[in-house]
Protein chains: 2
Amino acid sequence: MKAALKNMLALTAILFTNLGSADNLSDNLWRKLELDEMVLLTLPHGKVVIELAPQFAPKHVAQFTRLTKKGFYNGTKFYRVIDGFVAQAGPEDGSAKDKSVPLLAMEAELQVDKAWSFTPVQKHDLFAAQTGFKDSFAIALQAQEERAPRKAWLTHCPGTIAMARNNEADSATSHFYFVIGQAPRYLDGIMTIFGRVVYGMQHIQAIQRTEVVSGDDVIAPRDFTQIISMQLMSDVAKAEQIHLEIENTASAAFSQRLAKRRNRNNAFFFKKPPPVLDVCQIPIRSRVIN
Amino acid sequence: MKAALKNMLALTAILFTNLGSADNLSDNLWRKLELDEMVLLTLPHGKVVIELAPQFAPKHVAQFTRLTKKGFYNGTKFYRVIDGFVAQAGPEDGSAKDKSVPLLAMEAELQVDKAWSFTPVQKHDLFAAQTGFKDSFAIALQAQEERAPRKAWLTHCPGTIAMARNNEADSATSHFYFVIGQAPRYLDGIMTIFGRVVYGMQHIQAIQRTEVVSGDDVIAPRDFTQIISMQLMSDVAKAEQIHLEIENTASAAFSQRLAKRRNRNNAFFFKKPPPVLDVCQIPIRSRVIN
């Protein structure tokens, strides 16, 4: 019996239905990320690359980039890490460093007109009238009324990075979190997402949890995961740079992949699932092109 | 500015709205797990506890328990680990050990009658007419027709454990996977889930990924994460046993927690999210009672 191998092939086919024919797809399936669109986060146990989203959150990206360029995050710790939820980092609370950073106004939603293009994924998603992709980011949108503009927003899929805040809408500064569990979509539109992990998500998942099950051993702050460095990729020494391409979600090939994923025509599906797609459960592939 | 602390308090409140008053809740909020309902998975980097679900998948639990008791999984490896999807383990493909295990018939769905009780969570979920909890497991159900029985099934939330299989429905044996990313709900009803992680999920998340981004360094099989041991908790030496209680999802207190989570009356929500709940985004708390 070749159960293991067959399982591997069959289940791999679920995720990568289109992988075998990737070479035949049009060139625009892949999109190169520029060095100044990427941030390299070096953790003690591995390297992570974040793609920034200035088109959605320009002021948050500008502030995060400015802080990153001056080494602000180097040596800070992930002080609030809850399995299945978020990994949050930032400077020591109340420190001069913490207080030095100006407040940011919320940038969680865009007004878009009817001409705004995106790749549709799902109507009547549990949390929104419409979901889709824009520039390889998972988005959600209000229902489209005749001629009226509508709101669109980045959604809290696993791997997104967003600014933490106080209770007030416009109270974010420098503390940020990665989503590390089932998408907390209830935070959509009320937190500013400004990027997503495009490489090394497994290292984000391996960050030391700081909250433990009741009755279990407490984790001491000295054991919290530290940020060795946070650098704009264009500031990284050439030999250490990671060059990446990511799937272009505006390509015809990507839309075909979505259709295949929805229809599940693989023999593994002896019974077909509902023809729906959770926008947060569609991997957007990256590849290293060093 | 107390941004970090405030953020911590505010965001913690999101997850644990009801925690402050937990002591006032009725005793039946917590349910003790019996030692023979739990499996202790020891990994090189930490301990994990699985709650079995014989009420949903009796034959799968019987086979998994029998294999576990004879040390079948000790020394086997997680050979197929895809970030954001699954961590799959089992014996070496085609080995005598692999071939020694009988096939299992699918146990992915139950027929339930109108009297079958569960804790409702959400109607018109993207993948099912109804979601809810039964015995602390996330479930989904068909729409209820007048007097007719309906199907119910365990859903692929993060932390569930299910048997892998070949293309044929009734082809599972001993290979299993944990869900480690956004719930792959399209596998609901066509894979047999037979338990869920109730302790140490962060160690499942830290299992070495075996599939890498195209162009990145390949992971050698010698670096795959090994199972040190898999034991029924009742077979573990007394001093090493982990005793756990978990939230009783049939309690009134739990239903109140669901209502609070849906309504988001916390000051953090300056704008309210839609009053809906993703059944896979509701943490079921555990506590150590050693």
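Does Ser136(A), at 2% relative accessibility, count as buried or exposed? Ser136(A) counts as buried, where buried means under 20% relative accessible area, exposed over 50%, and partly exposed in between, with a 1.4 Å probe and protein chains only. The structure is a predicted model, in which local features need pLDDT of at least 70 and side-chain atom pairs count only at pLDDT 80 or more, while totals for chains, interfaces and linings use all residues. Residues are numbered from 1 along each chain as its sequence is written, chains are lettered from A and ligands numbered from 1 in the order in which they are written, and side-chain values use heavy atoms, with hydrogens and water left out.

Ser136(A) is found in the loop between β8 (130-134) and β9 (137-141) of chain A; helices (H or I, at least four residues) and strands (E, at least two) are DSSP runs, numbered from the N terminus. Most residues other than glycine have a negative phi. Ser136(A), although not a glycine, has a positive phi of about 70 degrees. Arg264(B) is likewise not a glycine and has a positive phi of about 50 degrees. Arg264(B) is placed in the loop between α5 and β16 (286-288) of chain B, and at 5% relative accessibility it counts as buried.

The relation between the chains can be stated through superposition. Two copies of a chain are related by a rotation about an axis and a shift along it.

Chain A contains an open sheet of eight strands in the order β4-β5-β12-β11-β13-β3-β2-β14, with antiparallel pairing; two strands pair if DSSP finds at least two bridges between them. Strands of a sheet pair through backbone hydrogen bonds. At the edges stand β4 and β14 (229-232) of chain A, each pairing on one side only. Neighbouring strands of this sheet are turned by 30 degrees against each other on average, direction ignored. Within the sheet, strand β11 (residues 160-163) of chain A pairs with β12(A) in the antiparallel sense over three bridges, and Met163(A) stands opposite Phe176(A) in β12(A). Helix α2(A) lies across β2 (38-43), β3 (46-52), β11, β12, β13 (193-199) and β14 of chain A, and runs at about 120 degrees to β14(A). For such angles, axes are lines fitted to C-alpha atoms, for helices over the stretch in contact, and angles run from 0 to 180 degrees between N-to-C directions; contact means heavy atoms within 4.5 Å.

Over all chains, the whole structure holds 26 aromatic pairs, a pair being rings of Phe, Tyr and Trp (its six-membered ring) whose centres lie within 6.5 Å, with planes under 30 degrees apart counted as stacked, over 60 as edge-to-face and the rest as tilted. Tyr73(A) and Phe176(A) form an edge-to-face pair, at 5.3 Å centre to centre and 80 degrees between the planes. Tyr73(A) lies in the loop between α2 (58-69) and β4 (77-81) of chain A and Phe176(A) in strand β12 (residues 176-179) of chain A, so this pair ties together parts that are 103 residues apart in sequence. Both Tyr73(A) and Phe176(A) are buried. A tilted pair is formed by Phe269(A) and Tyr186(B), at 6.2 Å centre to centre and 50 degrees between the planes. Phe269(A) lies in the loop between α5 (252-263) and β16 (286-288) of chain A and Tyr186(B) in the loop between β12 (176-179) and β13 (193-199) of chain B, so the pair joins two chains. Phe269(A) and Tyr186(B) are buried.

In chain B, an open sheet of five strands has the order β6-β10-β9-β8-β7, with antiparallel pairing.
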